[in-house]
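Good morning, colleagues. Please keep the sequence and the model in view as I speak.

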Amino acid sequence: MYLFSDFDGTLTSQGKIDQRFFEFLNLLRAQKLQLVVVSGRSLAWGQFLLTHFPIDYAIMEGGGVLVCRHQGRIGFDLLLEKNDLERLELITEKVIAQFGEEIFSDDSLGRLSDRAIELQALSEEKLEEIKAFLSQCGAHMSQSNIHLNFWVGQVSKALGLRKLIEQYLNLDVEKLRKNSLYFGDSANDETAFEFFENSVGVSNIQSVLGQLKFRPKYVLSGQENEEIGGVIEFLKKYSTGAK
Ligand SMILES: [Mg+2]
C-alpha cells in the first residue's frame with residue numbers, strides 16, 4: 001500500500017526535519033506503507049529524498065516532474081512539452097527584468113518544469129503585484145506555505161499522481177483514489193484533496209481553508225496536530241480504525 005504526502009508544512013516541524021520524521025518512517029514500515037512524496041520543491045530535492053530515505057517515487061515541482069528509483073538508479077520524467085518550457089523561460093526573463101532575480105526561491109537551482117518565488121520576506125503588496133504580472137503573462141500559479149510557483153501548460157499534483165499510478169506503479173487509479181491517504185497543508189494540495197477520497201489537512205492548514213474549493217476530508221485542529229505531529233497522530237488512529 002502507498003501513502004501519499006506533501007512535504008513542507010506537512011512532514012516537517014516548524015520548517016525542519018526532526019526526529020519525528022524518523023518516527024513517521026518507522027510507523028510507515030510497521031504499517032507496511034510506502035511513502036510517495038508529492039511536493040512543490042524542485043527536482044533536485046526529489047533526488048535527495050530518494051537518495052537518503054526509503055522512498056522510491058516522488059512527484060516534484062507540483063506535478064511537473066516524477067522522480068523514480070529503477071534498478072537501483074534514480075531517474076526522472078519531465079511531464080511538460082518543450083514549447084511550454086520555452087514559454088516558461090520567456091516569462092521568467094520578463095519576471096527577472098521586472099522584479100529582479102532575488103525574488104526566486106532558494107531551491108531554484110535545477111528546477112525544470114516551473115519557477116518558484118520565495119514568500120519569506122515578501123510583502124503582501126509585492127506578492128499581489130507579482131501575481132498580477134504573472135497572470136498578465138499567461139502563467140498558471142499555485143501557492144504553498146513557502147513558495148508561489150508558476151508554470152506554463154498542464155501541471156498539477158493530481159495530473160502527476162495519475163501519471164505515476166498508471167504508468168509507473170501500474171495500478172488501478174480508481175482503486176488508489178478510494179483506498180489511499182493523502183496528507184497536505186496548503187493551497188497547492190487542492191488538486192490532491194480533490195483526487196483522493198481520503199485526505200487529511202494537518203492543523204496548520206486552517207488559515208488557507210477558506211480559499212479552497214476542494215478541502216481535505218479530515219481537517220485536524222490543535223497545536224499537537226500541526227505538521228508532522230498531526231500526520232503521526234492520524235496514522236496511529238487510522239490504523240486502529242478510530243479516526
Ligand atoms: Mg506544503
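Let me begin with a definition: helices (H or I, at least four residues) and strands (E, at least two) are DSSP runs, numbered from the N terminus. Two strands are said to pair if DSSP finds at least two bridges between them. The model is a predicted one, in which local features need pLDDT of at least 70 and side-chain atom pairs count only at pLDDT 80 or more, while totals for chains, interfaces and linings use all residues. Residues are numbered from 1 along each chain as its sequence is written.

With those terms in place, please look at the hairpin that E4 and E5 form, with 2 residues between them. In its turn, Gln71 has a positive phi of about 50°. The two strands pair in the antiparallel sense over 6 bridges, and Cys68 stands opposite Gly75 in E5.

To which sheet does this hairpin belong? Eight strands form an open sheet in the order E5-E4-E3-E2-E1-E9-E10-E11, with mixed pairing. Strand E5 (73-78) and strand E11 (218-219) are at the edges with a single partner strand each, so one side of each is left without a neighbour in the sheet. Helix H5 (residues 157-168) packs on this sheet and touches strand E2 (34-38), strand E3 (57-60) and strand E4 (65-70). The direction of H5 makes about 150° with that of E3; axes here are lines fitted to C-alpha atoms, for helices over the stretch in contact, and angles run from 0 to 180 degrees between N-to-C directions. Contact between two residues requires that their C-beta atoms, placed from the backbone, lie within 7 Å.

Elsewhere in the sheet, strand E9 (residues 181-184) and strand E10 (residues 198-201) run parallel and are joined by 4 bridges. Leu181 stands opposite Asn198 in E10.

I turn now to the other sheet. This open sheet of 3 strands has the order E6-E8-E7 and antiparallel pairing. Its edge strands are strand E6 (115-118) and strand E7 (140-143), each of which pairs on one side only. From one strand to the next, the twist averages 20°. E7 is joined to strand E8 (residues 147-151) by 4 bridges, the two running antiparallel, and Met141 stands opposite Phe150 in E8. Helix H4 (residues 124-137) lies across E6, E7 and E8, at about 10° to E8.

How is the chain divided into domains? Domain 1 comprises 2-79 + 155-240, and domain 2 comprises 82-151, with bounds that come from an automatic or database domain assignment. Their centres, taken over C-alpha atoms, are separated by 23 Å. The contact takes 19 residues from domain 1 and 18 residues from domain 2. On the domain 1 side, the largest share, 3 residues, comes from helix H2 (residues 43-52).

Finally, the chain as a whole. There are 8 helices and 11 strands. The C-alpha trace spans about 55 × 40 × 30 Å along its principal axes. Of the 243 residues, 40% are buried, meaning that 20 or more other C-beta atoms lie within 10 Å of the residue's own, with C-beta atoms placed from the backbone. Among contacts with a separation of 6 or more, 56% are between residues 24 or more positions apart.

Terms used
Buried ≥ 20, exposed ≤ 12 C-beta atoms within 10 Å, placed from the backbone.
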